Amino acid sequence: MTMSAWGRVGVSLTAVAVVAGVAGCQGGDSGSKKAGGSSVTEVLTAAYEKTAAAKSAKVSMTMSMPQGMAGAAGGGDVEMSGVMGWDPMVMDMTMTGSMMQAEPDAPDEIRMLWVKNAMYMDMGAEAAKDMDGKRWMKLDLAAAAEASGDPAAMKELTGGMENMNQDPGQQLALLLDSPNVKHVGSEKIDGAEAQHYKGTLTVAEMLESNEGLDVLSAKERKDLLATIEKSGIEGYDIEVWVNEDDYPVKMNVGMDTPQGEMKISANYSDYGAKASVQTPPAGDTVDLFEMLGGLGEESGADADGSGI
């Protein structure tokens, strides 16, 4: 592999960071325990239940990150569109945007698949020249965690992987956990009437809601809370628009950071749309961690004078 392959790795890790960033703004299963409350929670609970039952939807999402935020040193925007499914998690999305152009040779767009607990990224025909003719890059977090032999790393990586379930119902669950959720009013979304709801959560409330963190011990959760609060993040603003069929059609999450505001806005449609995703051919796939190992060996060889 040529040294430009390092750029391919950088682009793919940025893509992973974006998906993980979106997942970090998701919560846990809260709908059932909120039933029977006020009219607002009744509406949101009904939307949660219908969303969970649909198991899939088409989505168009925009994510904006400020400069200097972890995983996006240069900041910028990312747009993702496609279809996703939950329970089990599957995804077929295309990613574009300024954040993906950090490397000169970055492709204009990256198609990302999530299937069988692994992510696959189509890095394009040009990238294939640096990857032994293979254009798909695979990232298997569970396998990487197991290979590490580190129980703490396994817990963190597999917990993060489970939290990458991009179920829009989880954002409804977050809103249900907000102590100040309220109905804002009626608005048109994509030409159709929808009811607008919003609320806020502190970092502590977000961590309490996030069942993806249940793998952490009490001390680990306390340390995570301290780390997030030390970073200057105080809380999250959450908004959801629910249509007359009780489906969420738009969701926004805003998070203030010392570097600026991170925003995620997603529009959902065609609930129940087929989300069947096939694993790319093994002969056209390179494993990211194996690639990193190979690049590391090449770098070491060059450093001691035995490389090119």
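**Rings, burial and one threonine**

Of the 308 residues in the protein, 46% are buried. This is a predicted model, where local features need pLDDT of at least 70, side-chain atom pairs count only at pLDDT 80 or more, and totals for chains, interfaces and linings use all residues. Residues are numbered from 1 along each chain as its sequence is written, and side-chain values use heavy atoms, with hydrogens and water left out.

Reader: What makes Tyr 268 count as buried?

Author: Buried means under 20% relative accessible area, with exposed over 50% and partly exposed in between (1.4 Å probe, protein chains only). Tyr 268 has 4% relative accessibility, so it counts as buried. Tyr 271 comes in at 16%, so that one is buried too.

Reader: How many aromatic pairs are there, and what makes two rings a pair?

Author: Rings of Phe, Tyr and Trp (its six-membered ring) pair if their centres lie within 6.5 Å; planes under 30 degrees apart are stacked, over 60 edge-to-face, and the rest tilted. That rule gives two aromatic pairs.

Reader: Why is the pair Tyr 247 and Tyr 271 called stacked?

Author: Their ring centres are 4.5 Å apart and their planes are at 10°, so the pair is stacked. The pair also ties together distant parts of the chain, 24 residues apart. Tyr 247 is in the loop between strand 9 (235-243) and strand 10 (248-257), while Tyr 271 is in the loop between strand 11 (260-269) and strand 12 (285-287). Strands here are DSSP runs (E, at least two residues), and helices are too (H or I, at least four), numbered from the N terminus.

Reader: And why is the pair Tyr 268 and Tyr 271 called tilted?

Author: The planes of Tyr 268 and Tyr 271 are at 35° and their centres 6.5 Å apart, so tilted is the word. Put together, Tyr 247, Tyr 268 and Tyr 271 form one aromatic cluster.

Reader: How do you know that the charged end of Lys 250 sits over the ring of Trp 241?

Author: The test asks for NZ of Lys or CZ of Arg within 6 Å of the ring centre and within 35 degrees of the ring normal. The charged end of Lys 250 sits over the Trp 241 ring, 4.9 Å from its centre.

Reader: Is Thr 285 buried or exposed, and what does it touch?

Author: Thr 285 has a relative accessible area of 12%, so it is buried. You'll find Thr 285 in strand 12. Contact means heavy atoms within 4.5 Å. Leaving out residues up to four places away in sequence, Thr 285 touches Tyr 120, Lys 134, Trp 136, Lys 138 and Pro 280.
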